[in-house]
Amino acid sequence: MSIRLTVAQALVRFLAAQYTERDGERQRLVAATWGIFGHGNVAGIGQALVESPALMPFHQGRNEQAMVHAAVGYARQSNRLSAHAVTTSIGPGATNLVTGAALATVNHLPVLLLPGDTFAGRPADPVLQQLEVPYAGDVSVNDCLRPVSRYFDRVGRPEALVPAALAAMRVLTDPVETGAVTLALPQDVQAEAYDWPEEFFAERVWRVRRPRPDAAELDAAVRAVGAAERPLIVAGGGVRHSRAEDALRTLAERTGIPVATTQAGKGVLPYDHPCETGGIGHTGSSTANSLARTSDLILGVGTRYTDFTTASGTLFPAGVRFVNLNIASFDAHKLAALPLVADAREGLTALTDALAGRAPAPDRWRTAKSDWQERVDAAYAVPDEDARPTQAQVLGVLDTLVDDTDILINAAGSLPGDLHKLWRTRSTDQYHVEYGYSCMGYEIPAALGVLLAAPHRPVWALVGDGTYLMNPTEIVTAVQERLPLRLIVLQNHGYASIGGLSEAVGAERHGTDYRHRDADGGFTGPPLPVDLGANAASLGMRVLRPRTVRDLREALADARRATVPTCVYVETETADTVSGPPPADAWWDVPVAETSTRPSAVKAREEYDRHVTARRRHL
């Protein structure tokens with residue numbers, strides 16, 4: 001039996017029949033499609049979606065990059081077991097996907113990209129928005145998505161959709177390979193009819209595997225951990241993706257091994273758990289970093305060991321041993337580690353069972369953790385309720401209002417560092433900071449994706465003014481779909497994070513403030529008269545404007561109760577007169593000019609040379 005449909009109609013029907021299953025839990029693999037229509041998809045995918053609305057829910061986006069961010073937010077909140085598709089027109093609509101695709105792939109989060117493509121049949125050559133490459137007639141702008149996709153195919157004939165679609169689903173559901181998956185769809189092919197085999201549309205369940213550790217690798221890991229006197233667990237995002245939080249808690253409690261967390265792993269243990277020691281690395285706590293500097297073994301669980309985690313190779317001592325539990329062999333072998341290639345939950349359970357006779361590690365961090373919490377209290381403290389709040393005080397006030405149902409979303413600027421150091425996580429999925437790609441403009445659309453995955457929970461998008469200016473467009477989508485986005489905009493009139501880095505490396509904050517340009521090319525005078533609150537209101541949000549800390553408490557409480565998209569617009573104060581977040585006590589490598597005529601750069605280079613000598617290759 002066959003069914004005659006267009007390629008686009010067949011793709012929509014196929015996607016509606018795909019499911020994932022893990023631990024007996026089954027759900028739609030592609031739960032909805034985001035789209036912005038133009039030539040290249042309006043007569044193909046667009047027509048298919050309007051013809052079968054019951055098969056595929058649709059969300060209207062305003063920016064192609066933002067649609068991918070929304071899909072990524074949904075996938076992360078869904079523990080990578082459910083994803084969204086994103087359809088675009090050809091040309092700039094397609095190329096606008098690249099940043100979002102890179103973010104998804106870097107973070108191993110599934111999203112299906114369906115960009116329109118130029119005519120496969122070439123009835124006219126060139127057509128509008130066609131990239132002409134003299135040496136290759138089969139190249140289009142969509143080829144720029146190849147390096148940022150985990151799978152890429154161009155469906156040049158109707159029958160080619162069958163193997164391409166199946167391969168796409170395989171990659172989306174593979175816990176090692178998942179990321180952005182791209183099926184480029186020429187606009188003429190989308191509209192072509194074909195007699196499809198009926199079994200192509202049968203329900204198909206993709207089981208997400210949990211591989212168990214190899215016996216020899218497990219034995220080696222157990223012997224190494226068992227012999228360690230000062231072990232430390234570094235927990236990354238893989239713990240969350242595996243839903244291995246309970247297994248990690250059990251291992252830590254039975255062995256007494258302290259746990260430090262990366263940005264992606266923060267929250268896998270609640271902040272007040274006795275074994276939780278805070279964030280690690282350049283944006284981490286002094287508690288976790290001091291443990292890292294004195295440990296003789298690091299048990300990495302689901303971490304990629306980015307430069308922020310390792311302080312650019314300066315954090316862990318010479319001679320330390322690594323055991324890496326990771327579902328990806330590539331990550332398990334990093335830092336010359338003993339690899340334990342397995343699902344995080346299965347690996348942690350096996351380790352716990354095998355280490356049953358190990359004496360608990362001595363508690364060598366309780367005092368340091370208590371001291372760190374006092375520093376957090378100092379950063380949150382409010383000497384004057386009628387003063388304008390600092391950024392840390394905004395976090396402190398929010399901390400008093402939330403419970404374990406709230407979700408915080410952030411990605412870029414100075415907030416990721418402040419949150420990693422200061423935020424007191426109450427649930428395993430409360431802390432949603434995208435720091436693999438650290439993409440400005442991620443927060444607002446990602447919050448929409450999270451709201452779609454967790455519709456009854458308070459979701460907060462925290463952004464600075466720089467990030468807001470990058471990508472506020474999906475506010476309109478939140479208003480259109482009545483999603484109660486809670487947006488906190490922190491206005492400090494410039495790029496605060498990169499401004500501080502600029503000063504540290506001798507670039508003297510050039511081009512990081514929002515001020516008028518003077519005759520010498522510098523930036524002087526008062527901040528520009530920019531009102532982002534008015535902008536948010538013009539896009540349909542309800543806007544609250546607290547002036548003082550006292551006002552802020554009322555505004556945030558009001559926003560938390562809100563049932564419509566609500567923005568809290570806060571002009572923040574610098575931390576010159578009150579305690580701000582503790583400074584970084586771990587290095588991050590940003591090369592400084594080796595020669596310069598400016599004293600600030602010369603001094604910065606001297607400081608750089610001092611730090612770089614501490615870098616170690618763990619072999």
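Biologist: What should I know about the model and the numbering before we go on?

Modeller: This is a predicted model, so local features need pLDDT of at least 70 and side-chain atom pairs count only at pLDDT 80 or more, while totals for chains, interfaces and linings use all residues. Residues are numbered from 1 along each chain as its sequence is written, and side-chain values use heavy atoms, with hydrogens and water left out.

Biologist: Back to R542, then. Which residue forms a salt bridge with R542?

Modeller: D558 does, with the closest N and O atoms 2.8 Å apart. D558 lies in helix α23 and R542 in strand β24 (residues 542-544), so the pair ties together parts that are 16 residues apart in sequence. Helices (H or I, at least four residues) and strands (E, at least two) are DSSP runs, numbered from the N terminus. D558 counts as partly exposed, at 22% relative accessibility.

Biologist: What counts as a salt bridge, and how many are there?

Modeller: A side-chain nitrogen of Lys or Arg has to be within 4 Å of a carboxyl oxygen of Asp or Glu. That rule gives 35 salt bridges.

Biologist: And what does R553 pair with?

Modeller: R553 meets E385 in a salt bridge, 2.9 Å from N to O. This pair links distant parts of the chain, 168 residues apart: E385 is in the loop between α15 and α16 (391-401), and R553 is in helix α23 (residues 549-561). E385 is partly exposed at 22% relative accessibility, and R553 is partly exposed at 29%.

Biologist: How about E245, buried or exposed?

Modeller: Buried, with a relative accessible area of 5%. Its side chain meets R243 in a salt bridge (3.7 Å, N to O), and R243 is partly exposed at 45%.

Biologist: Which residues are linked in a network of salt bridges?

Modeller: D23, R210, R212, D343, R345 and E346.

Biologist: Switching topic: how many cavities of 30 Å³ or more are there?

Modeller: Three. A cavity here is a set of points, on a 1 Å grid over the protein atoms alone, where a 1.4 Å probe fits but cannot get out; lining residues have an atom within 4 Å of a point. The largest cavity holds about 120 Å³ of space.

Biologist: What lines the largest cavity?

Modeller: There are 17 lining residues, and K266, E276, G278, W372 and Q373 lie nearest the centre. β14 (276-279), α15 (366-380) and α17 (415-422) each supply at least two residues of that lining.

Biologist: Back outside: which residues form a nonpolar patch on the surface?

Modeller: F37, V42 and F58, with about 240 Å² of accessible area together. Patch residues have over 30% relative accessible area and no salt bridge; like charges are joined within 9 Å, and nonpolar side chains (Val, Leu, Ile, Met, Phe, Trp, Tyr) within 5 Å. V42 is in the loop between β4 (30-35) and α2 (45-51), and V42 is partly exposed at 46%.

Biologist: And A48, buried or exposed?

Modeller: Buried, at 1% relative accessibility. A48 lies in helix α2, and its C-alpha atom is 58 Å from that of R223, 175 residues apart along the chain.

Definitions and conventions: Areas by Shrake-Rupley, 256 points an atom, 1.4 Å probe, with all protein chains shown as cover. Buried < 20%, exposed > 50% of the residue type's maximum accessible area, 1.4 Å probe, protein only. 1 Å grid on protein atoms, 1.4 Å probe; cavity = no way out; pocket = protein on both sides within 12 Å on 5 of 7 lines; lining within 4 Å. Points joined across faces, edges and corners; volume = space filled by probe spheres on them.
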